[in-house]
Amino acid sequence: MIQTSVLAALLAASLITSPAASHGQQVASERDTASHLINGYEPKWWKEAVVYQIYPRSFQDSNGDGIGDLKGITQHLDYLQKLGVNVIWLSPHFASPNADNGYDISDYRAIMADFGTMADFDAMLAGIKQRHMRLIIDLVANHTSDEHKWFVESRSSKDNPYRDFYFWRPGKTGPDGKLEPHNNYRSVFSGSAWQFDPKTNEYYLHYFAVKQPDLNWDNPKVRQEVFSIMRFWLDKGVDGFRMDVIPIISKQPGMPDLTPEQLKNEFAVFAAGPHRDEYLQQMNREVLSKYNDMSVGEAAGITLAQEPELVDDRRHELNEIFNFDAVRVNRRGRKVEPLVLTDLKAIYTNHEKVLGKHDWDTVFLSNHDNPRIVSTFGDDSPEFRVASAKLFEAMILTLKGTPYLFQGDELGMTNYPFKTISDYNDIEAKNAWKDEVETRHTLSADQYLAELRGSSRDNARTPMQWTNGPNAGFTTASAKPWLAVNPNYTSINAAQETPDPNSVYNYTRQLIALRAQTPAFVYGGFKDLDPNHPQIFVYTRTLNGDQYLIIHNFSSQPIDYTLPDNMKAGTMLLANYSSHENSSTILHLKGWESRIYKQ
């Protein structure tokens, strides 16, 4: 709720006459070539952006087949413009047999048939541009589908020109005299990372699903093919890429067996290939540097200390990466444990210490690969769902780095009440079930499902909840959605939230507008004022003499909190309750209360 007439005036233009971020985006674009620095940072439009991820299969079905599509996205561009986001990140939309929901690409220059046509894509992109927003798309370049023409050729014979587009090995004789894979690499989706192909009696490498063979980036022809694909989409008007598992494109020479210690964190090895930076710098030099685009890498296996190796702007590789420390802070494998707030706070403090003026960070707690924020970190009970959903949106939009929101975050959507393995669609979940429950019997069915229920990627992939009508308005009443709609759609949906001034949607809208008008929330310094408090996260963002105090109560329990060092709160700008404590040293916070002050 807006607390002061000062803020109301500040936000009036963005909340009433135009989308919150469109003007900010235009200004940022104009300054992109400016030589001046802000707090030591070079201004860039992608630093000032708010990114909204769309999982197209689950966003909106326009033709009644139960699958979201590009025309469905176009139908809701006004909704996103009103929310105020600058940039849409579209999860894979390319032609694919869907072994891994589009992350197995069979043609990089074609649209998945389920999603529509290239004309539909062009119309969607034009609509995005008309609304002063930008579009980035997924670049899945570590692997293709086994149905891609390159792999079809590659597996046809050992002397085919495309053979070394992928990794083929003859295997070795095991202790029992049987043929076994080249090494002990394991697939992320369970089992060996090597698949025997009887056509040529060799194994091919697949870090992910069997139908996702890894590309051989050591072959310069592969790199040039990828660069050509990137130019195709950039020339079409796309504004950049989210790069899937990009640090693992360089493989270890000879690919020897991993040690028992390395097997505990295979991605650390996979992400440390000797040519990783060389290939990324070539990509930047030959493609990215030629466009006013943004690049963000999914970077599992990269530690915070290593992050500048990829994002330091003097190295000319990527603009940003996703560091998973925060989003996985309460995860132990599949198990989701109660959040330890001090651990979460320490991550953001460490980011402030380690990343310098030439680096840029990302802030996110959700995406298509992680469960819903409010169910994972907050409180999705009827009493506190709205408050805690607003708190996390406030945190993400006031911390340092480019914020990323996943579709439905702005509604406070929750995890799905999964019951059996048949409720799931995710290949990772199903493969692990076969491996751990049915084959090796390392977990009972009940144990496995208990772990999976809170961590499954399918929690984020359930259809967007648009209305309280049949199938949540995602598809027609007679259609069967590709994944079940969360039954709480009757009370959590966009149709109810968009006109409600106290909804999660409109609170997120106000937060985005405030961020667009407050440079301190983009370029300002960050300081955690009470890092050891188990319930309160209180921090400042400071820029050019302007200071903002942000305080969150990470608990359902109310607390009377005394600010450190006799600090006074200042003038309240925004809060998720009707609170009016200004210039006070003691704040009386309700459960899951969040406030933003101008000091």
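This is a predicted model: local features need pLDDT of at least 70, side-chain atom pairs count only at pLDDT 80 or more; totals for chains, interfaces and linings use all residues.
Lys and Arg count as positive here, Asp and Glu as negative, while His and the chain ends are not counted. The place of a charge is NZ of Lys, CZ of Arg, CG of Asp or CD of Glu.

Figure 1. Residues are numbered from 1 along each chain as its sequence is written, and side-chain values use heavy atoms, with hydrogens and water left out. The chain carries 60 positive and 75 negative charges, and their mean positions are 1 Å apart.

**Figure 2. The overall fold.** The chain has 19 helices and 24 strands. Helices (H or I, at least four residues) and strands (E, at least two) are DSSP runs, numbered from the N terminus. Along the principal axes, the C-alpha atoms fill a box of roughly 75 × 55 × 50 Å. Buried residues make up 60% of the 599 residues. Buried means under 20% relative accessible area, exposed over 50%, and partly exposed in between (1.4 Å probe, protein chains only). Of the contacts with a separation of 6 or more, 68% join residues 24 or more positions apart. Contact means heavy atoms within 4.5 Å.

Figure 3. Helix H14 covers residues 427–439 and has a kink of about 25°, centred on tryptophan 433. The bend at a residue is the angle between two axes, one fitted to the seven residues ending there and one to the seven starting there. Trp433 is itself buried. The buried residues of H14 pack against helix H15 (445–455).

**Figure 4. Close-up of valine 327.** Valine 327 lies in the loop between strand E13 (320–322) and strand E14 (331–332). Its relative accessible area is 3%, so valine 327 is buried. Leaving aside neighbours within four places in sequence, valine 327 is in contact with Phe364, Leu365, Ser366, Asn370 and Phe377. Arginine 385 is 58 residues from valine 327 in sequence and 19 Å from it in space, C-alpha to C-alpha.

Figure 5. Lysine 290 sits in the loop between helix H9 (276–286) and strand E12 (294–298). Lysine 290 is exposed, because its relative accessible area is 60%. Arginine 231 is 59 residues from lysine 290 along the chain. The C-alpha atoms of these two residues are separated by 9.5 Å.
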